[in-house]
Amino acid sequence: MKANPKSKADPKADADPSAPAGSKKKLMVIAIAAVLLLGGGGAAAWYFLGAGDAAAHEEPAKDAKKKKKKKDEHAKPEYLPIEAFTVNLQPENGEQYLQVQFTLQVEGAEQSQLIKDNMAIVRNRVLLLLSSKKASEISTLEGKQQLAAEIGAVVREPFVKEGDEQDVTDVLFTSFIIQ
């Protein structure tokens, strides 16, 4: 057999005739994309696992808050008596009044002082809560327990926007009169 004279002159003629001419370019682009993708993945792994150690040593605010809370768990609970409230209850059978006095159990002296410093806010929140109740809602044991939970919730709300909640662990009634 005689050699094909076109093969020496045209190197493209040796290529697979079924393959399109642009397939080598596509293959090259895919290879470059794969190398860049793998390189980017390696760089990200290096950053997050190796170079990111400096960022790992910085404590986010939530972790700091959790650690502070753990420290305070060992703090001796403080009892903060709250002055008596006398409010009109929501009418059911004529006018009814509630006179209630309670003590807040808080985590440590710092929390106690914070609540004392913001007593006007605390009293306002509790007064609004108490005056929204009906005598039938709070005369049972379950009603009183629910009211204690609601008082604790309104006192725990932060005093400043986006601030920390107060560490109120319990509300203890010392006087409770419905008349």
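Tryptophan 46 sits in helix H2, which covers residues 23-51. This is a predicted model, and in it tryptophan 46 has 58% relative accessibility, so it counts as exposed. Together with Tyr47, Phe48 and Leu49, Trp46 makes a nonpolar surface patch of about 570 Å². As for the surface as a whole, the chain exposes about 13,200 Å², with carbon and sulfur atoms supplying 58% of that.

Stepping back to the overall layout, the chain has 8 helices and 3 strands. Read from the N terminus, the order is α-α-α-α-β-β-α-α-α-α-β. Buried residues make up 22% of the 179 residues. If you take the contacts with a separation of 6 or more, 70% of them join residues 24 or more positions apart.

Now for the inside. The largest nonpolar core holds 25 residues, and the ones touching the most other members are Phe102, Leu104, Ile115, Val126, Leu130, Ile151 and Val155.

What does leucine 104 contact once its neighbours within four places in sequence are left aside? The list is Glu78, Tyr79, Leu80, Ile82, Ile115, Val155, Val168, Asp170 and Val171.

Helix H8 is worth a look of its own. H8 runs for 16 residues and spans 23 Å from first C-alpha to last, close to the 22 Å expected at 1.5 Å a residue. Its buried residues are Gly143, Leu147, Ala148, Ile151, Gly152, Val154 and Val155. An α-helix has 3.6 residues a turn, so residues three or four places apart point the same way. The buried residues of H8 pack against S2, helix H5 (108-117), H6, H7 and S3.

How many salt bridges turn up in a search of the whole structure? The count is 1. Side chains of opposite charge can pair when their charged atoms come close. Here the partners are glutamate 150 and lysine 133, at 2.6 Å from N to O. Glutamate 150 belongs to helix H8 and lysine 133 to the loop between H6 and H7, so the pair ties together parts 17 residues apart in sequence. Is lysine 133 buried or exposed? Buried, because its relative accessibility is 13%, and the cut-off for buried is under 20%.

Terms used. Residues are numbered from 1 along each chain as its sequence is written. This is a predicted model: local features need pLDDT of at least 70, side-chain atom pairs count only at pLDDT 80 or more; totals for chains, interfaces and linings use all residues. Side-chain values use heavy atoms; hydrogens and water are left out. A nonpolar core is a set of buried Ala, Val, Leu, Ile, Met, Phe, Trp, Tyr and Cys residues joined through side-chain atoms within 4.5 Å. Buried means under 20% relative accessible area, exposed over 50%, partly exposed in between (1.4 Å probe, protein chains only). Contact means heavy atoms within 4.5 Å. A salt bridge is a side-chain nitrogen of Lys or Arg within 4 Å of a carboxyl oxygen of Asp or Glu. Helices (H or I, at least four residues) and strands (E, at least two) are DSSP runs, numbered from the N terminus. Patches are made of residues with over 30% relative accessible area and no salt bridge: like charges are joined within 9 Å, nonpolar side chains (Val, Leu, Ile, Met, Phe, Trp, Tyr) within 5 Å. Accessible areas come from the Shrake-Rupley method with a 1.4 Å probe; for residues, only the protein chains shown count as cover. The expected span of a helix is 1.5 Å times one less than its number of residues.
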